[in-house]
Amino acid sequence: MKIIILAGGEGKRMWPIQTDKYLIPFLGQPLISYTLKRIADGINFDEVIIVTKEASRDQVSQIASSLGIKHKIAIQEEPKGMADALLSAKEDINGEILVINAEDVLEERVYQDVLTTASDTQSDVVLSGLQVKSYFPGGYLEVKRDRIQGIVEKPGKGNEPSDLVKLVVDYFRDGGKLVSYLEEASSEKDDVYEVALAKICDSCDVRFIRYNGVWIPLKYPWQILETGAYFLSTLEQNISPGSKVSDKAIIEGNVKIEEGAKVFEGAVIKGPCYIGKNVIVGNNTMIRESILEEGVVTGFNCDITRSYIGRNSWFHTNYVGDSVIEGDFGMGSGAVLANLRLDDATIRIGDEKIDTGRTKLGTVAGKGSRVGVNASIMPGVRIGVNCLIGPGVVLHEDVKDNTRILVKQQYQVSKRTPSLTSYDQFRKKL
Amino acid sequence: MKIIILAGGEGKRMWPIQTDKYLIPFLGQPLISYTLKRIADGINFDEVIIVTKEASRDQVSQIASSLGIKHKIAIQEEPKGMADALLSAKEDINGEILVINAEDVLEERVYQDVLTTASDTQSDVVLSGLQVKSYFPGGYLEVKRDRIQGIVEKPGKGNEPSDLVKLVVDYFRDGGKLVSYLEEASSEKDDVYEVALAKICDSCDVRFIRYNGVWIPLKYPWQILETGAYFLSTLEQNISPGSKVSDKAIIEGNVKIEEGAKVFEGAVIKGPCYIGKNVIVGNNTMIRESILEEGVVTGFNCDITRSYIGRNSWFHTNYVGDSVIEGDFGMGSGAVLANLRLDDATIRIGDEKIDTGRTKLGTVAGKGSRVGVNASIMPGVRIGVNCLIGPGVVLHEDVKDNTRILVKQQYQVSKRTPSLTSYDQFRKKL
Amino acid sequence: MKIIILAGGEGKRMWPIQTDKYLIPFLGQPLISYTLKRIADGINFDEVIIVTKEASRDQVSQIASSLGIKHKIAIQEEPKGMADALLSAKEDINGEILVINAEDVLEERVYQDVLTTASDTQSDVVLSGLQVKSYFPGGYLEVKRDRIQGIVEKPGKGNEPSDLVKLVVDYFRDGGKLVSYLEEASSEKDDVYEVALAKICDSCDVRFIRYNGVWIPLKYPWQILETGAYFLSTLEQNISPGSKVSDKAIIEGNVKIEEGAKVFEGAVIKGPCYIGKNVIVGNNTMIRESILEEGVVTGFNCDITRSYIGRNSWFHTNYVGDSVIEGDFGMGSGAVLANLRLDDATIRIGDEKIDTGRTKLGTVAGKGSRVGVNASIMPGVRIGVNCLIGPGVVLHEDVKDNTRILVKQQYQVSKRTPSLTSYDQFRKKL
């Protein structure tokens, strides 16, 4: 049996995060490595085929090799959807296959359940689904007992045929047959794969597996917070002997501190937290429920809460609440990433006003951006790649990539007569 | 003998504080409860008649009951002055009475002195007064030896008949006679009571008692700071076993910490301070000479000095100096309530430029208001009820109730070329 | 032999620093006292002649007396250059003399080397020079073996006759002869002394001494940081028994703390640092590699790094990075002296864009100025004497003496409907 791992896609909705989702690091490891580990640990297979883009070939291959996984890389030229991705690997698709997404956070038992069902029932196809409470923009399954009778991709709220959202853990007994269906299917929308699956349902035995474990979708960048929270929940306290933690710092709960990290006097780290390699946690800084990837520097007196901080970002007396920072990001003293609307409403994003459902959400920032001293970024604002938000700016709206914004102040300038209060008088008032 | 407690009045000068003065809590107890306790502890009486408004009836009655004080409530329909208040209770006013204000902070010996003098001299009326150094807008007594010969209400600066301001600790041997005088008196100003008293002086033996103890008037909201300072001065160190104080916090001097309060690591509380029920003092926060009523939350790294913080207010990395916050108030990270003019002048309030005589005074804020991140409120500004002061606002003037103020910034927007400095270079510069 | 110390000059380039360079205190002592000590400790002489201005006479004389140095004061009426300064003292200039600058930071062995060479070689004149790597606006020596053949004052970059800059440690066997040359020399530029020296080179034996020790020029005010860093490098840990350092403060490295200083709980001082007399280091404040002269007060939670803080300045929750503060200066809570450009460029000063060569430089501030709460001062800005920079100002340009700058904000004002979130809901979100 072959495992087909789909590691591609454009992720426009992930702007301003540049890194492909499956390569975003969590606790020092890219997301795809968790998927590969689950496969290696949980199921038997002959070979893994990873479909990705040329630019990621080496990195992806190295990750698989470092985990001892026998694999092949297939290249998808352009990000044109799941059917196209599979057809990019069609030469290797034959016999039994299991198709999964590289970036989905799932429990490995769903793979096992699908494969066991395939083996037990000898069905042609086994798909899995998960019950959702509110509309999710994915594929919905029409299920009758343990058989799937149809699939509808993104039906729109109110048009769902069921409350069962399809996962991407798709077993096919005959991969070659899937390829034929995919080559024949056509659609004007981005749902060729689902159209093909619907046709397969008409003619084959398509079995349904209900899954009710962990499932963390990653469609929007703020969902990196949920993904991060999941990984944090898996931590135990683990302080590397190669790190240097002041005995005047406070480490509470499940905090993992990697090699080369330094935690200075008066710092407080309240778990779960991940403090990556060579991270510096400055004096009097407080970190709570956050991930600080490799090389992050928090200077004096920061307050970082429930945030994801990507590599090599640096801070200095800042409040960073419920924020996603991709990396190489810097903030001047006194700048604040606000995370709570003063009217307490849920936070909506961009011109489209996408409702995140969250009452607490800070900034989402792309790589290489800087925020000046005493700047204030409002909840839910997205800062593009390589932006400069000047000192004192109060930023209410998204900022496109490569933008520099400085505030223009107007002044009232006059002559100052010397102060009448001597310093000694002042000092008495203290 | 009956005690008539006047718990009414409008207090327009107290804006934006909504709570009636006698109900403002200090150290967890409304002001009137201190008055009631003084009476219960210090003097003998038959019954207390509390004149208040309908809306306060239940609360006032509960307070009196909880102190085991036999009392009646009389309702004053509208706040029309002291004579009207007494006439609202006229059915119960007969025989010996002692009239006092619910909100005055005094020492109980003034009650005892008045009553002892009444008993010793068998005078018809005993009034008390206190020497003032500068003009105070109250009633002034004309005194000849130990007899009072006249009373002038608010004579205006320079027209005072003496330097003796009348307190409201007024003994009448015949309450019914007072009622008659009040019913006959009339005035175009709000001084019917004083007009009646002046008439009584003409025909009766009105004895004078000089008082030189504690007396803290509460006419303007910033005087809540003085009232608070008085109550703080009565504290001893007292940390409830039902509170949770980190052994890495520092508690110095006379600090009272109530049940359910939590004080986190690195916090410093320098007495005298009152930390009410369920208050949270966050990491690295410093509280000095302040009152934090029930349910206040100071997050990380606040600096609260010589302030009165009413119930359920919350802070997060703020400086709050010499401020009065009624309650349900919130501040975003980096917002500052400044308390010292850069020109070191005394602080004047509102359009009328009322001189507070204080060189240090911060904000006076009504209930339910919010101040955004990095906002700056100038010394002596009053923020109305339910206001929203946006992030980055520099507020120089009073804000009316229910107002939302956002700053409109102008920007210079340009394209940013990528930074030339690599992160490693930056890191070396640290 | 007489030592002629030149303690004059205008120092226009030092604006906004008012204090004459030789009187700027470092570690509690004015710069001139270090020069006097070097002389007293290192060489034999008969008398010191200090040429200074009338206004400095008493202070300079007291400093010399307190060091037990036999001296005379000569007054230079106006700051008209080095030749004029020497001629102001001409009555006392005869026989062997050594001319030095009051403010130069040098090692005393250069004096010894010059005098030893004078004694060994019996030369008429001995001058010393130092090799520079890049252009320095001083006098350049034309040297052939150990003889000086000419001197060119400020030749301009690219026109240097050598890479040897002349120090002011000038020995003359016959002071009277120098006076004659000076009286005869004339120049349209400010280089009469160098013109006279060049003439002397034509007719006398002028010997050269190469110096390769410490030499810290002080032409621009930001060089006070380099001068300060030098003095800090000479410190050892030394905490006065007359100071009061909390056992909950952290003192690391070579920190000198003077009498009367107080260091509060949670403060961190990372050496080398100088904490002057009566300085207050507030709770949770961090001081690194800085000089705090007498009477400085840092309130709660400051972060002062690589800075020179002159007497009686006060701070309160500020970031002060790589800054020079002359004294009597005050900052409101949340104000920041930024020290790093967001584009990482080297910092240039004023309209002339003088390149400091530094990537980190904060503010240079004159005496008596104030910076309001949440103001942001950009890297390399000079604030004049007695200025007031209002709250919330983002200051990008130099500010002239006696200037008051307030920001004019525009607002969007609307009615606020009450918040829908109760405090309890808010609290749950915390």
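## Strands across the chain boundary

Strand S41 (residues 403-408) of chain B runs antiparallel to S42(C), and 6 bridges join the two. Strands here are DSSP runs of type E with at least two residues, helices are H or I runs of at least four, and both are numbered from the N terminus; two strands pair if DSSP finds at least two bridges between them. Within this pairing, Lys408(B) has Gln410(C) as its bridge partner in S42(C).

Please keep in mind that this is a predicted model, in which local features need pLDDT of at least 70 and side-chain atom pairs count only at pLDDT 80 or more, while totals for chains, interfaces and linings use all residues. Residues are numbered from 1 along each chain as its sequence is written, chains are lettered from A and ligands numbered from 1 in the order in which they are written, and side-chain values use heavy atoms, with hydrogens and water left out.

## Where chain C meets chain B

Here 42 residues of chain C are in contact with 51 residues of chain B, contact meaning heavy atoms within 4.5 Å. Together the two chains bury about 3800 Å², with 54% of it on carbon and sulfur atoms; buried area is the accessible area (1.4 Å probe) that two parts lose on being put together, summed over both.

This interface has 1 salt bridge, a side-chain nitrogen of Lys or Arg within 4 Å of a carboxyl oxygen of Asp or Glu. The side chains that meet in it are those of Lys270(B) and Glu265(C), at 3.4 Å, N to O. On the side of chain C that touches chain B, the largest share comes from S42(C), with 6 residues.

## Where chain C meets chain A

Chain C also touches chain A, with 51 residues from chain C and 42 residues from chain A in the contact. About 3800 Å² is buried between them, and carbon and sulfur atoms give 54% of that area. The side chains of Lys270(C) and Glu265(A) meet in a salt bridge at 3.4 Å, N to O.

S41(C) gives the most to the side of chain C that touches chain A, namely 6 residues. S41(C) is joined to strand S42 (residues 410-415) of chain A by 6 bridges, and the strands run antiparallel. In S41(C), Lys408(C) is the bridge partner of Gln410(A).

## How the copies are related

A rotation of 120° with 0.0 Å of shift along its axis superposes chain C on chain B, with an RMSD of 0.1 Å. That is the relation of a three-fold axis. The superposition is by least squares on the C-alpha atoms of residues with pLDDT of at least 70 in both copies. Chain C can be laid on chain A by a turn of 121° and a shift of 0.1 Å along the axis, with an RMSD of 0.1 Å.

## Inside the chains

Chain C has an open sheet of 8 strands in the order S15-S18-S21-S24-S27-S30-S35-S38, with parallel pairing. Strand S15 (238-239) and strand S38 (382-383) of chain C are at the edges with a single partner strand each, so one side of each is left without a neighbour in the sheet. In chain C, Ile309(C) stands opposite Ile325(C) in S30(C).
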